[in-house]
Amino acid sequence: MSEKQATIAHRPPKETGCPDAFQYMHPVMRRNYGQWAYHEDPRPGVLKHVAHSGDAIWTIRAGTQRILDVTSLNLLCDIGDKYADGYVRFTIRSNIEYMVDQESKVGPLIVELEKNGFVVGGTKNSVAMISHTQGWLHCDIPGTDASGVVKAMMDEVIDEFKGWNMPNRVHMTTSCCQINCGGQGDIAINVQHTKPPKINHDLVSNVCERPSVVARCPVAAIRPAQINGKPSLEVDEKKCICCGACYPPCPPMQINDAEHTKLSVWVGGNHSNARGKPSFQKLVAAGIPNNPPRWPEATAIVKKILRAYRDDAKDWERISDWVERIGWPRFFELTGLPFTKFHINNWKGARNSLNASTHIRF
Amino acid sequence: MADKHVTPMLDELEHGPWPSFISGIKRLRDQHPQERISGMANSLLGQLEHSYETRKGYWKGGTVSVFGYGSGIIPRFSEVGDAFPESREFHTLRVQPPAGNYYTTGMLRQLGESWEKHGSGLQTFHGQTGNIMFIGSTTENTQHFFDEINEYGWDLGGAGPCVRTGMCCVGAARCEQSNIDEIKIHRTLLNNFTDDVHRPALPYKFKFKVSGCPNDCVNSIERADCAIIGTWRDDMKVDQEEVKNFVEEKGRKYVIDNVITRCPTNCLSLKDDDTLEVDNRNCVKCMHCLNVMPKALSPGDDKGATILMGGKRTLKVGDLMGTVVVPFMKLDTEEDYEKLTELAEETIDFWAENGLEHERCGEMIERIGLVNFLDGIGLEVDPNMVADPTTSSYVRMDGWDDEAEKWFKEKLEAAEA
């Protein structure tokens with residue numbers, strides 16, 4: 001193929017990068033950019049922002065199934081055209097937000113969204129939409145599904161999404177492997193493997209770049225080996241922490257297991273600097289069966305934690321603030337969850353997480 | 001379409017009040033006029049049901065890209081493609097959204113139409129990094145889809161060891177707590193590194209996230225290699241009339257319990273006349289009192305950003321928060337923006353040079369120490385960078401006098417400036 005033909009066959013990309021947002025922004029927001037004075041929360045799922053100019057904009061937030069088929073996407077657009085002003089945005093938790101310039105548009109829009117099965121809520125001190133990953137639907141290393149876990153759980157906490165029943169907002173996340181793409185959450189439901197990878201030695205030398213797999217292991221438990229006369233890898237199973245970090249660069253090191261891949265629940269992750277500094281989530285429960293299609297055991301634990309938090313925390317306390325006030329022994333007492341040796345950190349810097357004081361609540 | 005796969009487990013996810021993604025995929029299978037799309041949806045449901053039954057995933061990665069780029073597509077080839085042939089190739093295109101995730105319904109429809117033409121008809125707004133994810137296309141169609149949407153203003157995001165798609169909060173467009181122009185910062189940084197987004201050549205991923213205030217709604221400290229967070233350094237604004245109104249409405253006990261005593265540095269005092277006294281010198285801009293009383297309290301006028309670097313999730317040394325490397329930076333003039341871009345370039349260059357394969361910037365800082373990192377990117381040490389000074393005496397300290405002199409000299413220069 002000549003050079004000219006190559007140019008015709010391949011259209012060169014226009015490297016435009018991140019598009020300009022202002023062309024898609026509601027005119028009231030464009031006009032008052034950087035000039036907002038305050039906001040109010042007229043009702044769950046609705047925000048009212050008022051600018052110094054006196055302009056106001058109402059935002060209606062709705063939860064969706066996140067993986068949108070084009071029919072649902074068009075339906076959301078139809079609703080936006082008919083009942084709102086044709087401008088939307090998405091929150092980082094994949095809720096859709098409609099912005100309207102008159103209060104009178106709020107009610108009919110909510111009615112229409114709810115009529116079509118979307119759920120208005122997720123603002124202020126609610127349980128927000130669970131932020132999640134791809135899972136079995138599309139990921140190459142998942143130990144569980146993501147959309148399915150989230151659908152099953154949101155069915156159970158939908159009243160908390162629609163209402164303002166919590167002391168402060170609750171951000172939940174799920175992750176389908178221990179890399180935890182779902183991120184930090186007040187409550188996180190994550191995969192936890194419990195057995196070392198099962199290695200298909202016939203494939204390792206063809207599929208895996210062995211030195212980089214060795215380098216990937218956080219505890220140096222992997223070493224090169226000759227197995228049945230072929231170059232492969234072996235795992236020191238006593239050292240192995242079953243994290244699955246070797247699996248992405250080396251798929252023949254299968255970490256997922258129908259029985260031994262479990263779920264774990266973590267609490268107290270908080271991204272905000274409000275009151276205390278941001279915090280990472282801490283393990284509270286593990287060994288939970290990875291039980292499709294509705295994962296009832298994981299949901300039951302999440303609901304237990306939510307109930308204890310709702311009943312015991314003070315206004316504005318996130319789960320991390322609440323636990324800091326009441327202490328971990330009381331957390332385990334109130335939630336009825338067992339405290340085990342696995343809750344005690346044995347990783348780098350572990351002793352910083354131990355109690356080096358006589359501060360004990362009796 | 002081949003016979004419809006039976007999906008008894010997935011069917012269980014059609015019950016309950018939350019919108020069901022399974023019902024959505026079934027709509028594509030049962031109602032979509034294009035046989036290509038309905039067939040793809042049928043195979044996808046079949047494979048997903050198989051995953052639910054066996055509790056295993058069956059997608060494998062590979063190498064797929066559009067002409068001229070090495071990034072932006074997540075290739076997925078089915079391991080069970082013989083049983084579910086129509087979704088045998090099911091690649092995702094990561095497309096960069098407008099900063100702040102704004103759309104008109106017209107543009108959403110146009111994107112949806114293009115995707116119906118070339119892909120599965122399934123999309124997500126947005127993935128965890130921040131991309132629009134168009135899920136499910138053959139290798140050939142990834143190019144056609146990209147060509148079509150690229151013509152009307154959309155470009156691919158990052159995937160692999162490269163600068164990733166950025167994220168910013170709703171910010172100045174709709175939030176009274178915004179202290180910076182999040183959209184401008186986001187676009188300035190991302191579009192400065194377009195080449196590094198499209199052609200993966202870095203040790204690992206690098207993420208920019210921009211939050212307009214310390215509430216950090218885009219989780220930048222926990223998730224971004226470079227977090228830019230709006231803040232202010234003068235006094236917060238207090239509308240005492242609104243404070244009084246708030247006290248009257250909520251009661252003193254509520255205000256004392258939920259505002260005054262919650263201040264992490266004990267800066268607030270409710271006076272006898274129900275106005276608020278603020279010790280601004282010791283306010284750390286945590287945002288709590290502004291969150292509770294948004295009508296009465298607002299950020300000050302001398303606004304700018306705090307920059308933290310090195311945040312990341314678990315793989316491989318465990319979760320790391322970002323660390324303050326610039327306590328305060330004005331972001332008003334074009335020169336200010338140039339300084340920010342230069343800092344980002346210095347950082348990425350230094351990390352590209354010194355990071356190990358698959359090592360995030362934060363892990364490199366962990367390995368070489370903050371002081372060496374700062375030295376590498378040309379920043380001076382500052383007490384705002386530490387929670388505490390070192391508690392260990394096992395540190396070599398010759399050269400103390402020079403460092404102390406440097407500190408006083410900088411203070412003098414800053415005072416003169």
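These notebook entries record what I looked up in a predicted model.

Entry 1: the boundary between the chains.
I began with the contact between chain A and chain B, to which chain A gives 96 residues and chain B gives 104 residues. I then listed the elements of chain A that supply two or more residues to the side touching chain B. They are the strands β1 (36-43), β3 (56-63), β4 (67-69) and β5 (87-90), together with the helices α3 (70-83), α5 and α8 (210-216). I noted that α3(A) gives the most to this side, with 8 residues. By class, I recorded 45 nonpolar, 34 polar and 17 charged residues on the side of chain A that touches chain B.

Entry 2
I next followed β4(A), which is joined by 3 bridges to strand β6 (residues 122-125) of chain B. The two strands run antiparallel. For Leu68(A), I found the bridge partner in β6(B) to be Gln123(B).

Entry 3: two helices within chain A.
I turned to helix α5 (residues 147-156) and helix α9 (residues 296-312), both of chain A, whose axes come within 10 Å and cross at roughly 45 degrees. The crossing of α5(A) and α9(A) is right-handed. On the α5(A) side, I found the contact to be made by Ala152(A), Met153(A) and Glu156(A). On the α9(A) side, Thr299(A), Val302(A) and Lys303(A) make the contact. I classed the residues in this contact of α5(A) with α9(A) as 3 nonpolar, 1 polar and 2 charged. I also noted that α5 is among the elements of chain A listed for the side that touches chain B.

Definitions and conventions:
Residues are numbered from 1 along each chain as its sequence is written. Chains are lettered from A and ligands numbered from 1 in the order in which they are written. This is a predicted model: local features need pLDDT of at least 70, side-chain atom pairs count only at pLDDT 80 or more; totals for chains, interfaces and linings use all residues. Axes are lines fitted to C-alpha atoms, for helices over the stretch in contact, and angles run from 0 to 180 degrees between N-to-C directions. Helices (H or I, at least four residues) and strands (E, at least two) are DSSP runs, numbered from the N terminus. A crossing is left-handed if the near helix is turned anticlockwise from the far one by less than a right angle, and right-handed if clockwise. Two residues are in contact if their C-beta atoms, placed from the backbone, lie within 7 Å. Ala, Val, Leu, Ile, Met, Phe, Trp, Tyr, Cys and Pro count as nonpolar, Asp, Glu, Lys and Arg as charged, and the others, Gly among them, as polar. Two strands pair if DSSP finds at least two bridges between them.
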